[in-house]
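Subject: Structure handover

Hello,

Here is the structure for your files. My notes on it follow below.

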Amino acid sequence: MLTTALMGAEEQHLSEAGMRSRKDGARSSGAQVEKLIHLALPVRLVHMENGERSVLELACTYDIHPHGARLRSSRDLKVGDLVTVERGRTKSVCKVVWAAAQDSPLRGQFTVECVKGNRVPWEEELRQMEEHYLPVIPDWPTRKRCLNALPRESHNRRRRPRFAVKGGANLAEIGGRSRLEGRLEEISEYGCLISSGNLLTPGTALRLVLNMCDVSIALRGHVRYTAESRAMGVEFQEIRQGDRPLLDYVLQQLKKPRVEDFADLEVITAHLAAVAG
(Lines give C-alpha, C1' and ligand atoms only; values in the text may rest on other atoms or scores of the structure.)
Protein backbone atom coordinates (compact mmCIF):
# COMPACT_ATOMS: atom_id res chain seq x y z
CA MET A 1 0.00 0.00 0.00
CA LEU A 2 2.81 2.43 0.88
CA THR A 3 4.64 1.85 -2.40
CA THR A 4 1.41 2.33 -4.37
CA ALA A 5 0.64 5.56 -2.56
CA LEU A 6 4.12 6.93 -3.14
CA MET A 7 4.00 6.02 -6.81
CA GLY A 8 0.66 7.79 -7.05
CA ALA A 9 2.17 10.88 -5.47
CA GLU A 10 4.98 10.77 -8.02
CA GLU A 11 2.50 10.73 -10.92
CA GLN A 12 0.46 13.53 -9.38
CA HIS A 13 3.40 15.92 -9.17
CA LEU A 14 5.20 14.89 -12.39
CA SER A 15 3.22 17.25 -14.59
CA GLU A 16 4.51 20.23 -12.58
CA ALA A 17 7.99 18.93 -11.91
CA GLY A 18 11.25 19.11 -13.76
CA MET A 19 13.33 16.01 -14.08
CA ARG A 20 16.56 17.32 -12.81
CA SER A 21 17.24 20.65 -11.12
CA ARG A 22 20.41 22.04 -9.59
CA LYS A 23 21.60 25.28 -8.13
CA ASP A 24 24.73 25.35 -5.99
CA GLY A 25 26.79 22.29 -6.82
CA ALA A 26 25.60 22.06 -10.42
CA ARG A 27 27.94 20.37 -12.86
CA SER A 28 29.68 22.53 -15.43
CA SER A 29 28.92 22.12 -19.13
CA GLY A 30 32.14 20.19 -19.61
CA ALA A 31 31.39 17.55 -17.02
CA GLN A 32 30.89 13.97 -18.10
CA VAL A 33 27.26 13.18 -18.83
CA GLU A 34 26.06 10.54 -16.39
CA LYS A 35 23.13 8.17 -16.58
CA LEU A 36 19.97 9.58 -15.05
CA ILE A 37 16.87 7.40 -14.73
CA HIS A 38 13.33 8.66 -14.32
CA LEU A 39 12.06 6.32 -11.61
CA ALA A 40 9.85 6.50 -8.52
CA LEU A 41 11.31 4.57 -5.60
CA PRO A 42 9.97 4.69 -2.03
CA VAL A 43 12.65 5.75 0.46
CA ARG A 44 12.96 6.88 4.05
CA LEU A 45 14.48 10.25 4.86
CA VAL A 46 16.08 10.94 8.22
CA HIS A 47 16.55 14.68 8.60
CA MET A 48 19.64 15.89 10.42
CA GLU A 49 19.42 18.87 12.75
CA ASN A 50 22.44 20.25 14.58
CA GLY A 51 24.40 17.16 13.58
CA GLU A 52 21.87 14.75 15.11
CA ARG A 53 19.24 12.48 13.58
CA SER A 54 15.81 14.01 13.77
CA VAL A 55 12.53 13.41 11.96
CA LEU A 56 11.84 10.27 9.88
CA GLU A 57 9.88 10.94 6.70
CA LEU A 58 8.55 8.63 3.97
CA ALA A 59 9.33 9.98 0.51
CA CYS A 60 9.73 9.02 -3.12
CA THR A 61 12.37 9.69 -5.77
CA TYR A 62 11.61 11.44 -9.06
CA ASP A 63 14.89 10.46 -10.68
CA ILE A 64 18.09 8.70 -9.68
CA HIS A 65 21.71 8.96 -10.78
CA PRO A 66 25.03 7.44 -9.65
CA HIS A 67 25.70 10.11 -7.01
CA GLY A 68 22.26 11.05 -5.75
CA ALA A 69 18.64 11.70 -6.65
CA ARG A 70 15.85 14.21 -6.85
CA LEU A 71 13.11 13.80 -4.27
CA ARG A 72 10.21 15.60 -2.65
CA SER A 73 9.74 16.48 1.00
CA SER A 74 7.05 18.14 3.08
CA ARG A 75 9.78 19.87 5.07
CA ASP A 76 11.49 23.13 4.19
CA LEU A 77 14.97 22.03 3.13
CA LYS A 78 17.83 24.34 2.28
CA VAL A 79 21.01 23.94 0.26
CA GLY A 80 23.67 22.43 2.54
CA ASP A 81 21.24 20.49 4.76
CA LEU A 82 22.12 16.85 5.47
CA VAL A 83 19.66 13.96 5.20
CA THR A 84 20.09 10.21 5.42
CA VAL A 85 18.38 8.36 2.57
CA GLU A 86 17.43 4.78 3.43
CA ARG A 87 16.06 2.03 1.23
CA GLY A 88 15.94 -1.52 2.52
CA ARG A 89 19.17 -2.12 4.39
CA THR A 90 21.12 0.44 2.37
CA LYS A 91 21.49 4.01 3.52
CA SER A 92 23.61 6.95 2.55
CA VAL A 93 24.20 10.38 4.07
CA CYS A 94 23.43 13.03 1.47
CA LYS A 95 23.74 16.79 1.15
CA VAL A 96 21.07 18.98 -0.40
CA VAL A 97 22.61 20.74 -3.44
CA TRP A 98 19.42 22.29 -4.81
CA ALA A 99 16.01 23.11 -3.34
CA ALA A 100 13.09 24.66 -5.19
CA ALA A 101 11.72 28.00 -4.07
CA GLN A 102 8.47 27.87 -2.13
CA ASP A 103 6.66 29.99 -4.74
CA SER A 104 7.84 27.75 -7.59
CA PRO A 105 5.82 24.99 -9.30
CA LEU A 106 8.68 22.73 -8.18
CA ARG A 107 8.17 23.59 -4.49
CA GLY A 108 8.98 20.74 -2.14
CA GLN A 109 11.48 19.18 -4.53
CA PHE A 110 15.20 18.98 -3.85
CA THR A 111 18.30 17.28 -5.21
CA VAL A 112 20.85 15.47 -3.06
CA GLU A 113 24.41 14.27 -3.58
CA CYS A 114 25.59 11.31 -1.52
CA VAL A 115 28.57 12.27 0.64
CA LYS A 116 28.90 9.22 2.89
CA GLY A 117 28.16 5.55 2.25
CA ASN A 118 29.68 2.73 0.21
CA ARG A 119 26.83 2.62 -2.29
CA VAL A 120 23.72 4.50 -3.31
CA PRO A 121 20.42 2.86 -2.31
CA TRP A 122 19.39 2.46 -5.99
CA GLU A 123 22.59 0.97 -7.36
CA GLU A 124 20.87 -2.13 -8.78
CA GLU A 125 18.23 -0.11 -10.63
CA LEU A 126 20.93 2.06 -12.22
CA ARG A 127 22.76 -1.03 -13.41
CA GLN A 128 19.70 -2.64 -14.97
CA MET A 129 17.88 0.33 -16.48
CA GLU A 130 18.65 2.71 -19.32
CA GLU A 131 17.60 6.26 -20.06
CA HIS A 132 14.51 6.68 -22.22
CA TYR A 133 13.82 9.47 -24.68
CA LEU A 134 10.47 10.70 -25.98
CA PRO A 135 9.67 12.78 -29.08
CA VAL A 136 9.80 16.52 -28.49
CA ILE A 137 6.63 16.72 -30.58
CA PRO A 138 4.51 13.59 -29.84
CA ASP A 139 2.73 13.68 -33.21
CA TRP A 140 5.89 14.66 -35.11
CA PRO A 141 5.23 12.72 -38.42
CA THR A 142 1.71 14.17 -38.74
CA ARG A 143 2.79 17.66 -37.72
CA LYS A 144 5.71 17.59 -40.13
CA ARG A 145 3.53 16.58 -43.07
CA CYS A 146 1.09 19.39 -42.27
CA LEU A 147 3.86 21.95 -42.12
CA ASN A 148 5.37 20.76 -45.38
CA ALA A 149 1.96 21.05 -47.04
CA LEU A 150 1.80 24.80 -46.34
CA PRO A 151 2.94 27.24 -49.05
CA ARG A 152 6.51 28.31 -48.51
CA GLU A 153 5.62 31.96 -48.05
CA SER A 154 3.11 31.16 -45.31
CA HIS A 155 5.32 28.76 -43.42
CA ASN A 156 6.82 30.35 -40.33
CA ARG A 157 10.06 28.47 -39.78
CA ARG A 158 10.31 29.74 -36.20
CA ARG A 159 7.41 27.72 -34.81
CA ARG A 160 7.96 28.78 -31.19
CA PRO A 161 9.42 31.91 -29.53
CA ARG A 162 13.17 31.90 -29.10
CA PHE A 163 14.76 33.34 -25.98
CA ALA A 164 18.26 34.58 -25.25
CA VAL A 165 19.83 32.55 -22.45
CA LYS A 166 23.23 32.11 -20.82
CA GLY A 167 24.33 28.53 -20.28
CA GLY A 168 26.61 25.70 -21.28
CA ALA A 169 26.21 22.80 -23.67
CA ASN A 170 27.84 19.38 -23.69
CA LEU A 171 27.53 17.64 -27.05
CA ALA A 172 28.34 14.10 -28.20
CA GLU A 173 27.98 12.82 -31.75
CA ILE A 174 25.67 9.80 -31.95
CA GLY A 175 27.55 6.91 -33.54
CA GLY A 176 30.77 8.93 -33.68
CA ARG A 177 33.65 10.09 -31.53
CA SER A 178 33.17 13.84 -31.61
CA ARG A 179 32.60 15.45 -28.22
CA LEU A 180 32.69 19.16 -27.64
CA GLU A 181 31.60 21.94 -25.34
CA GLY A 182 29.82 25.09 -26.32
CA ARG A 183 27.99 28.13 -25.01
CA LEU A 184 24.21 28.17 -25.15
CA GLU A 185 23.04 31.45 -26.71
CA GLU A 186 19.34 30.96 -27.52
CA ILE A 187 16.67 28.33 -26.91
CA SER A 188 13.11 27.57 -27.98
CA GLU A 189 10.78 24.62 -27.52
CA TYR A 190 12.16 22.93 -30.63
CA GLY A 191 15.81 23.95 -30.86
CA CYS A 192 18.72 26.08 -29.73
CA LEU A 193 21.71 28.09 -30.89
CA ILE A 194 25.14 27.05 -29.59
CA SER A 195 28.42 28.88 -30.15
CA SER A 196 31.66 26.91 -30.09
CA GLY A 197 35.21 26.99 -31.34
CA ASN A 198 34.55 23.66 -33.07
CA LEU A 199 31.41 23.11 -35.13
CA LEU A 200 29.75 19.93 -36.33
CA THR A 201 28.60 19.40 -39.91
CA PRO A 202 24.92 20.08 -40.64
CA GLY A 203 22.98 16.83 -40.44
CA THR A 204 25.13 15.40 -37.64
CA ALA A 205 23.02 13.52 -35.10
CA LEU A 206 23.97 14.29 -31.51
CA ARG A 207 23.06 13.99 -27.86
CA LEU A 208 23.30 17.19 -25.91
CA VAL A 209 22.95 18.26 -22.31
CA LEU A 210 22.00 21.89 -21.77
CA ASN A 211 22.88 23.56 -18.46
CA MET A 212 20.87 26.74 -17.90
CA CYS A 213 18.84 28.47 -15.22
CA ASP A 214 20.41 26.11 -12.65
CA VAL A 215 18.98 22.99 -14.32
CA SER A 216 20.18 20.35 -16.78
CA ILE A 217 18.15 18.93 -19.67
CA ALA A 218 19.19 16.08 -21.99
CA LEU A 219 18.03 15.92 -25.60
CA ARG A 220 18.74 14.27 -28.93
CA GLY A 221 18.67 16.08 -32.22
CA HIS A 222 20.75 17.10 -35.21
CA VAL A 223 22.70 20.11 -36.44
CA ARG A 224 20.39 22.10 -38.69
CA TYR A 225 22.83 24.79 -39.86
CA THR A 226 26.05 26.63 -39.01
CA ALA A 227 26.40 30.42 -38.91
CA GLU A 228 29.54 32.47 -39.59
CA SER A 229 31.81 29.60 -38.50
CA ARG A 230 31.07 30.39 -34.86
CA ALA A 231 27.66 28.93 -34.03
CA MET A 232 25.32 26.12 -35.00
CA GLY A 233 21.58 25.74 -34.87
CA VAL A 234 20.38 22.46 -33.36
CA GLU A 235 16.91 21.04 -33.89
CA PHE A 236 15.53 18.92 -31.04
CA GLN A 237 13.97 15.57 -31.87
CA GLU A 238 13.82 13.70 -28.56
CA ILE A 239 13.96 14.70 -24.91
CA ARG A 240 14.89 12.53 -21.95
CA GLN A 241 11.85 11.09 -20.22
CA GLY A 242 10.84 13.39 -17.39
CA ASP A 243 12.77 16.41 -18.71
CA ARG A 244 9.88 17.91 -20.69
CA PRO A 245 8.24 19.59 -17.66
CA LEU A 246 11.62 21.08 -16.82
CA LEU A 247 12.09 22.48 -20.33
CA ASP A 248 8.64 24.09 -20.11
CA TYR A 249 9.60 25.51 -16.71
CA VAL A 250 12.80 27.06 -18.11
CA LEU A 251 10.95 28.61 -21.05
CA GLN A 252 8.38 30.10 -18.67
CA GLN A 253 11.19 31.56 -16.54
CA LEU A 254 12.79 33.13 -19.61
CA LYS A 255 9.51 34.75 -20.58
CA LYS A 256 9.36 36.70 -17.33
CA PRO A 257 10.72 40.28 -17.33
CA ARG A 258 14.06 40.50 -15.58
CA VAL A 259 14.32 42.46 -12.33
CA GLU A 260 17.26 44.42 -13.70
CA ASP A 261 15.07 45.59 -16.59
CA PHE A 262 12.74 47.27 -14.13
CA ALA A 263 15.71 48.75 -12.31
CA ASP A 264 16.97 50.31 -15.54
CA LEU A 265 13.54 51.77 -16.27
CA GLU A 266 13.36 53.29 -12.81
CA VAL A 267 16.73 54.99 -13.21
CA ILE A 268 15.80 56.35 -16.65
CA THR A 269 12.47 57.66 -15.36
CA ALA A 270 14.16 59.45 -12.47
CA HIS A 271 16.67 61.01 -14.82
CA LEU A 272 13.97 62.28 -17.19
CA ALA A 273 11.97 63.68 -14.30
CA ALA A 274 15.00 65.64 -13.12
CA VAL A 275 15.56 67.06 -16.60
CA ALA A 276 11.89 68.01 -16.94
CA GLY A 277 12.02 69.79 -13.55
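Two strands are said to pair if DSSP finds at least two bridges between them. The strands (E, at least two residues) and helices (H or I, at least four) are DSSP runs, numbered from the N terminus. This is a predicted model, in which local features need pLDDT of at least 70 and side-chain atom pairs count only at pLDDT 80 or more, while totals for chains, interfaces and linings use all residues. Residues are numbered from 1 along each chain as its sequence is written, and side-chain values use heavy atoms, with hydrogens and water left out.

Strands

Strand β2 (residues 42-49) runs antiparallel to strand β5 (residues 82-87), and four bridges join them. Within this pairing, arginine 44 has glutamate 86 of β5 as its bridge partner. β5 also pairs with strand β6 (residues 90-99), in the antiparallel sense, over six bridges. β5 and β6 form a hairpin with two residues between them, and glycine 88 in the turn has a positive phi of about 65°.

Salt bridges

With a salt bridge taken as a side-chain nitrogen of Lys or Arg within 4 Å of a carboxyl oxygen of Asp or Glu, the whole structure has 18. Arginine 87 forms one with glutamate 125, with the closest N and O atoms 2.9 Å apart. Glutamate 125 lies in helix α2 (residues 123-128) and arginine 87 in strand β5, so this pair ties together parts 38 residues apart in sequence. On relative accessible area (buried under 20%, exposed over 50%, partly exposed in between; 1.4 Å probe, protein chains only), glutamate 125 is buried at 16% and arginine 87 is partly exposed at 24%.

Arginine 220 forms a salt bridge with glutamate 238, the closest N and O atoms being 3.5 Å apart. This pair links strand β13 (residues 215-227), which holds arginine 220, to strand β14 (residues 231-240), which holds glutamate 238; the two residues are 18 apart. Arginine 220 is partly exposed at 31%, as is glutamate 238 at 28%. Elsewhere, salt bridges that share partners join Glu131, Arg207, Arg240 and Asp243 into one network.

Ring contact and cysteines

The charged end of arginine 220 also sits over the ring of tyrosine 133, 3.9 Å from its centre; the rule is NZ of Lys or CZ of Arg within 6 Å of the ring centre and within 35 degrees of the ring normal.

There are zero disulfides, defined as cysteine sulfur pairs within 2.5 Å. Cysteine 60 is buried at 10%, and cysteine 192 is buried at 4%.

Regards
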